[in-house]
Amino acid sequence: MLIRIPPFFLLLCLLAAFSPWLRGTSQDIQTDESFPGWPSSFDGRPLTALPLSSLEASLQREFPGRIGRFSDGRREIILRWLNRETRQLHASSDCFKANGYRVDAQPIKRLGAERWSTFRASRGNTQLIVTERIYNEAGHQWSDVSAWYWAAQLGRSRGPWWAVTVAERGERSEERRV
């Protein structure tokens, strides 16, 4: 049986496929000079810079922005600042899985107006509660990397963006608020 595809539908498919190249990205990409610097605190707690892991340092070389690793005394916080959309930003759960953690997705957390994706990561005796979000200064936010990427790719959001990952020790039976 031959299926006949309407020409209008084919045209829409082609436009969708080529839309990232039609919007003209050259004006939207900001240089690294616009990096505002790392914050000195997070959630009202002072941040202490930590050295990047060897994996983070290798990712930093090709990353369109900056990666920083910090502690607030009880949590580890990874900050990624991006000046353009990229496939190099991926969900933190992927990194944890690649490093041998078992990952259990949790419901989205709402902290005021902020939405954070949440998962539990466990490996041996290590139990972590990890939360993550992406946002820009215009007030847009995403708890999912794929949703952020397509919003940015299709011109619905402009950078720069901040991707924040917070990991803290947690017990399986207790839910901690980030």
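A contact is a pair of heavy atoms within 4.5 Å.

**Figure 1. Overview of the predicted protein chain.** The model is predicted: local features need pLDDT of at least 70, side-chain atom pairs count only at pLDDT 80 or more, and totals for chains, interfaces and linings use all residues. Residues are numbered from 1 along each chain as its sequence is written, and side-chain values use heavy atoms, with hydrogens and water left out. Of the contacts in the protein chain with a separation of 6 or more, 56% are between residues 24 or more positions apart. The chain has 4 helices and 10 strands; both are DSSP runs numbered from the N terminus, helices being H or I of at least four residues and strands E of at least two. Their order along the sequence is α-β-β-β-α-β-β-α-β-β-β-β-α-β. Of the 178 residues, 38% are buried (under 20% relative accessible area; exposed is over 50% and partly exposed in between, with a 1.4 Å probe and protein chains only). The accessible surface is about 10,900 Å², with 54% of it belonging to carbon and sulfur atoms; areas come from the Shrake-Rupley method with a 1.4 Å probe, and for residues only the protein chains shown count as cover.

**Figure 2. Strand 4 and its pairing partners, strand 3 and strand 5.** Strands pair if DSSP finds at least two bridges between them. Strand 3 (residues 48–50) pairs with strand 4 in the antiparallel sense over 3 bridges, and Thr 48 stands opposite Ser 71. Strand 5 (residues 75–82) also pairs with strand 4 in the antiparallel sense, over 7 bridges. Here Ser 71 stands opposite Glu 76. The hairpin of strands 4 and 5 has 3 residues between the strands, and Gly 73 takes a positive phi near 100 degrees in it.

**Figure 3. Salt bridges of Arg 75 with Asp 43 and Asp 72.** A salt bridge is a side-chain nitrogen of Lys or Arg within 4 Å of a carboxyl oxygen of Asp or Glu. The whole structure holds 8 of them. The closest N and O atoms of Asp 43 and Arg 75 are 3.3 Å apart. Asp 43 lies in the loop between strand 1 (41–42) and strand 2 (45–46) and Arg 75 in strand 5, so this pair ties together parts that are 32 residues apart in sequence. For Asp 72 and Arg 75, the closest N and O atoms are 2.7 Å apart, and both residues are buried. Arg 75 has a relative accessibility of 2%. A network of salt bridges links Asp 43, Arg 45, Asp 72 and Arg 75.

**Figure 4. The salt bridge between Glu 114 and Arg 133.** The two side chains meet at 3.6 Å, N to O. Glu 114 belongs to strand 7 (residues 114–123) and Arg 133 to strand 8 (residues 126–136), so the pair ties together parts 19 residues apart in sequence. Glu 114 is partly exposed, at 29% relative accessible area, whereas Arg 133 is buried, at 10%.

Figure 5. Thr 165 counts as buried because its relative accessibility is 5%. Its side chain makes a polar contact of 3.3 Å with the side chain of Glu 132 (a polar contact is a pair of N or O atoms within 3.5 Å; within protein, one must be able to donate a hydrogen and the other to accept it, and residues adjacent in sequence count only if both atoms are side-chain atoms). Leaving aside neighbours within four places in sequence, the residues in contact with Thr 165 include Glu 76, Ile 78, Ser 92 and Val 130.
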